[in-house]
Amino acid sequence: MTGSARRRTGDSRYGERVPLVTAAVCPHPPLLVPEVAGSAAPELDDLRAACDTAVRRLLAVGPDSVVLLGTGPVTGPIRTPATGSLQPWGVDLDVPLVTGQPDRGAVLPLSLTIGAWLLTRHETPPPASTAPASAPPVGTPSASATRTSAPPVGATPSSAPSAGAPPVTAVQVAADAGPAELAALADEVDATGERVALLVLGDGSACRGVTSPGYDDPRALPYDQRVAAALADADLDVLLDLDPVVSAELKAAGRAPWQVLAGAARRAGGGWRGELLHHAAPYGVAYFVASWERV
């Protein structure tokens, strides 16, 4: 399904603190990068366009900081410098979290590599006086900084970061993280005390058909339909209730990041409106794109 489904949930009253103010949910297949997809790149044009729409809306809110959140080998922040690579998928391309960083630094997992790549597609050239800077990780005091990153693949590269762009940090969450671990991470997002935007990276089930990575599982379609409805409705309860065992059996990489999003949204309070921009499973893996905003 490609399209739009808008829903509103919760109380529309803001509290005194406004930590999480907006979120975007995108998948992280390496094929999203045209250079990786090669001649098959047009097959994901709709997905790529939906991701661009979600990220554009995220940045249009004018957040004080952007947090990339996706699965990784462990749970916790990834401090800059950090770099992801698409070499395992046949393309000699590095994606730094911050362009101009002094060295490669820590390794970004695939989810955050794709997230950083998506953000670079929305940068514009700044005034010549703008200097590159990095952002503090989630859970530490923020500093006045301007985000920099690599030029987007397939686009005209900028020579410097966008003027006034919010600083970006990266947080990974283990795929098998339990409720306590997820709740603690959601608390860290809330504790920043800033107007935070979350770019959440995660795929749905990978068992949609006999040619899918996880082969065919009859539970996959209803699982993905439930997730799609929850993202469209900004239904925090449904996301928080996703079964980690079933999610793992269906190879749904987004379960833990979605639950951190739901937890952070609940702690932020107020009302939330969700819009599902894309839902499809072109290669037997479910891809969702959604946009959440406070109301």
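Visitor: How many salt bridges are there here?
Guide: The count comes to 10 salt bridges, a salt bridge being a side-chain nitrogen of Lys or Arg within 4 Å of a carboxyl oxygen of Asp or Glu. This is a predicted model, in which local features need pLDDT of at least 70 and side-chain atom pairs count only at pLDDT 80 or more, while totals for chains, interfaces and linings use all residues. Residues are numbered from 1 along each chain as its sequence is written, and side-chain values use heavy atoms, with hydrogens and water left out.

Visitor: Which residue does Asp-187 form a salt bridge with?
Guide: Its partner is Arg-267, and the closest N and O atoms are 2.3 Å apart. The two sit in distant parts of the chain, 80 residues apart: Asp-187 is in helix H4 and Arg-267 in helix H8. Helices (H or I, at least four residues) and strands (E, at least two) are DSSP runs, numbered from the N terminus.

Visitor: And what does Asp-237 form a salt bridge with?
Guide: Asp-237 pairs with Arg-266, with 2.7 Å between the closest N and O atoms. That pair also links distant parts of the chain, with Asp-237 in helix H6 (residues 236–240) and Arg-266 in helix H8, 29 residues apart.

Visitor: Back to H4. What span should it have?
Guide: Helix H4 covers residues 179–191, and at 1.5 Å a residue its 13 residues should span 18 Å. The expected span is 1.5 Å times one less than the number of residues. The end C-alpha atoms of H4 are 18 Å apart, which agrees.

Visitor: Which residues of H4 are buried?
Guide: Leu-182, Leu-185, Ala-186, Val-189 and Asp-190 are buried (under 20% relative accessible area; exposed is over 50%, partly exposed in between, with a 1.4 Å probe and protein chains only). These residues cover an arc of only 145° around the axis, which puts them on the same side of H4. The arc is that of the directions from the helix axis to the C-beta atoms.

Visitor: What do the buried residues of H4 pack against?
Guide: They pack against strands E3 (65–72), E8 (168–174) and E9 (196–201), and against helix H8 (255–268). Contact means heavy atoms within 4.5 Å.

Visitor: New topic. Which residues touch the most other members in the largest nonpolar core?
Guide: Leu-198, Leu-231, Trp-258 and Trp-292 do, out of 45 residues. A nonpolar core is a set of buried Ala, Val, Leu, Ile, Met, Phe, Trp, Tyr and Cys residues joined through side-chain atoms within 4.5 Å. H8 gives the largest share of this core, eight residues. Another core, of 38 residues, lies apart from it, with Val-95 and Leu-277 among them.

Visitor: How many aromatic pairs does the structure hold?
Guide: The structure holds two, where rings of Phe, Tyr and Trp (its six-membered ring) pair if their centres lie within 6.5 Å; planes under 30 degrees apart count as stacked, over 60 as edge-to-face and the rest as tilted. Trp-258 and Phe-288 are edge-to-face, at 5.7 Å centre to centre with 75° between the planes. Trp-258 lies in helix H8 and Phe-288 in strand E11 (residues 287–294), so this pair ties together parts 30 residues apart in sequence. The rings of Trp-272 and Trp-292 have centres 6.3 Å apart and planes at 50°, so that pair is tilted.

Visitor: Is Trp-272 buried or exposed?
Guide: Trp-272 is buried, with a relative accessible area of 1%. Trp-292 also counts as buried, at 1% relative accessibility.
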